Amino acid sequence: MDSASQSSRPLNIVLAASEAVPFAKTGGLADVAGALPPAIERLGHQATVFLPLYREAWRSGVPLKPLEIKLQVPVGSTLVEATLAQATLPGSTVPVYLIGQSRYFDRDGLYGRHGSDYPDNCERFVFFSRAILEAIVALKLRPDVIHCNDWQTGLIPVYLKAFYRSHPELAQAGTLMTIHNMAFQGMFWHWDMPVTGLGWDYFDWTKLEFHDRLNLLKGGLGDSDFLSTVSPTYAREIQTPEFGCGLDGLLRSRSDDLRGIVNGIDPAIWSPQLDRLIAHNYGAGNLAEGKAVCKASLQRRAGLAERPEVPIFAAIGRLDPQKGWDLLVPAADELLKEDVQLIVLGEGQPRFHDALDRLAARHPGKLRAFLEFSNLLAHQIIAGSDLFLMPSLYEPCGLTQLYSLAYGTVPIVRATGGLADTVVNATPETLAETTATGFAFRDPSVADLLEAIHRALALWPDSEAWHRLRLAGLQSDWTWDRSARSYVRLYQEIAQRAHT
Ligand code: ADP
């Protein structure tokens, strides 16, 4: 096929992920896997999603239809049966196939419980990866590209090369491996190697072995046709020892095939114009009025004084060192000496739960810490706050700063990864050009975070400048349609390479 017809014909994309909204979610990957496929479809291409059939998928509210088909999936030296249930991604006609095996997926957590991983995670995702390839054959899907995401699907490109090239349904499939977070690589002890069904010759430093352990992401990074990650800055950062988590050498060796595409947000879920979870809908035309209503409602909900003139800072995210809580907690202790309010929403490591509880006790009436997971509160906090703190030590893309921008809530971010690519730091020049959308700082230090906070507080009393700043954020376009166009260009390149 010549390149002109190749680039204009509709593509057939299979997206494999271990979580997707609205079926199962622990983090940003679920938002990507739930929103990118419908955006691909809107651009005239076909997308199909594969997910594990977790217990919580039955509770998503989306009807699941069990299919007659049963697959026999090789796991180690045995065959394990996989069932399939079919659903459709809301707001689209994108089919979702959920791969069932109650032994692996009918559990409370996705990857573990009470902070520890399930001991059979290697086996669970060997099964999932292999079952997807079996299902593609059984369903005759003939994808142009299989888009794999993170370590849970890292073995798909490896299995494709090792076992499935002779199947006509897979003969021409190209592969894309997207890294959502280098810190999670799917590492297991070497005795899990037989479970993969691959020979010991794959337990080699050029393949799956990593410091005497089995590394599933490494397999995908080596064998996938193209690689991507979720922002251009993170794509550069992971090629350095500081951010590469031990795989920077491999990534440097593949740098010609590595791209960075910033995630998008789904305006049906995250836009102040349409959001049904917030006190008042608003847009560019009634930003000040709408935000004031949402702010008062949030102050009541958080038990803080209903004072419009006091800036509300917010932070939402996993209570994990990655998100910069070790900077945020001491900086907040300083910040809360001023006439400000702070609302935190997060759950995770107990030491941060304790630190936030202590901080709240030290600053009564000024800090409300919701130590839980609540989508409703996430929407209300993003809409009702004035400033959003995100001092991440590293951030592949980050979604909450994008939500903040869309809601006219001014982000204060560390200039790393996707945060550097999406927030325009307020300087005298960018403020004059009205391109500024937030405040950024470079060094991961409490002093630098506080310096950025004080720059924001210095601008706060200038209500016209503040309005221009938040309006610029609200009007910036970080929707999925923009990201999906970049993915489609990449899929076209992959398909072209796979077909030649
Ligand atoms: P990551 O994927 O590293 O956790 P992202 O910013 O990419 O970070 O995405 C986090 C997602 O999870 C966002 O949609 C955010 O709103 C949501 N989230 C994180 N913690 C909570 C919480 N405690 N309650 C509700 N939503 C949360």
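**Stop 1: Helix H13**

Select residues 375–384, which form helix H13 of this predicted model. The buried residues of this helix are Leu377, Ala378, His379, Gln380, Ile381, Ile382, Ala383 and Gly384. H13 is thus mostly covered, with eight of its ten residues buried.

Next, display the elements against which these buried residues pack. Two of them are helices, H10 (287–302) and H14. The others are the strands E15 (312–316), E16 (341–345), E17 (367–370) and E18 (387–390).

**Stop 2: The ligand and its shell**

The shell comprises 18 residues, and the closest are Gly28, Arg318, Lys323, Glu372 and Leu399. By class, five of the shell residues are nonpolar, eight are polar and five are charged.

- Leucine 399: a polar backbone atom is 3.0 Å from an oxygen atom of the ligand.
- Aspartate 31: a polar side-chain atom lies 3.3 Å from a ligand oxygen atom.
- Tyrosine 403: a polar side-chain atom lies 3.3 Å from an oxygen atom of the ligand.

On its own, the ligand has 560 Å² of accessible area, of which the protein covers 91%. Helix H2 (28–42), helix H13 (375–384) and helix H14 (400–406) are the elements that give two or more residues to the shell.

**Stop 3: The two domains**

Colour domain 1 (3–264 + 481–498) and domain 2 (284–477) separately. The C-alpha centres of the two domains are 33 Å apart. Across the boundary, 18 residues of domain 1 are in contact with 18 residues of domain 2.

**Stop 4: Backbone details**

Most residues other than glycine have a negative phi, and most peptide bonds are trans.

Select valine 21 and proline 22: the peptide bond between them is cis, with omega near 5 degrees. Proline 22 is found in the loop between strand E1 (12–16) and H2.

Move to lysine 140, in the loop between helix H4 (121–138) and strand E8 (145–149). Its phi is positive, near 55 degrees. Lysine 140 is exposed, at a relative accessible area of 59%.

Finally, select cysteine 245, in the loop between helix H8 (232–237) and helix H9 (248–253). The phi of cysteine 245 is also positive, near 50 degrees. With 36% relative accessibility, cysteine 245 counts as partly exposed.

Methods. Residues numbered from 1 in each chain as written. Predicted model: local features only at pLDDT ≥ 70, side-chain atom pairs only at ≥ 80, totals over all residues. Heavy atoms only, no water. Near = heavy atom within 4 Å. Polar contact = N/O pair within 3.5 Å; in protein donor to acceptor, adjacent residues only side chain to side chain. Areas by Shrake-Rupley, 256 points an atom, 1.4 Å probe, with all protein chains shown as cover. Helix = DSSP H or I, 4+ residues; strand = E, 2+ residues; numbered from the N terminus. Nonpolar A, V, L, I, M, F, W, Y, C, P; charged D, E, K, R; others polar. Buried < 20%, exposed > 50% of the residue type's maximum accessible area, 1.4 Å probe, protein only. Contact = heavy atoms within 4.5 Å. Domains from an automatic or database assignment.
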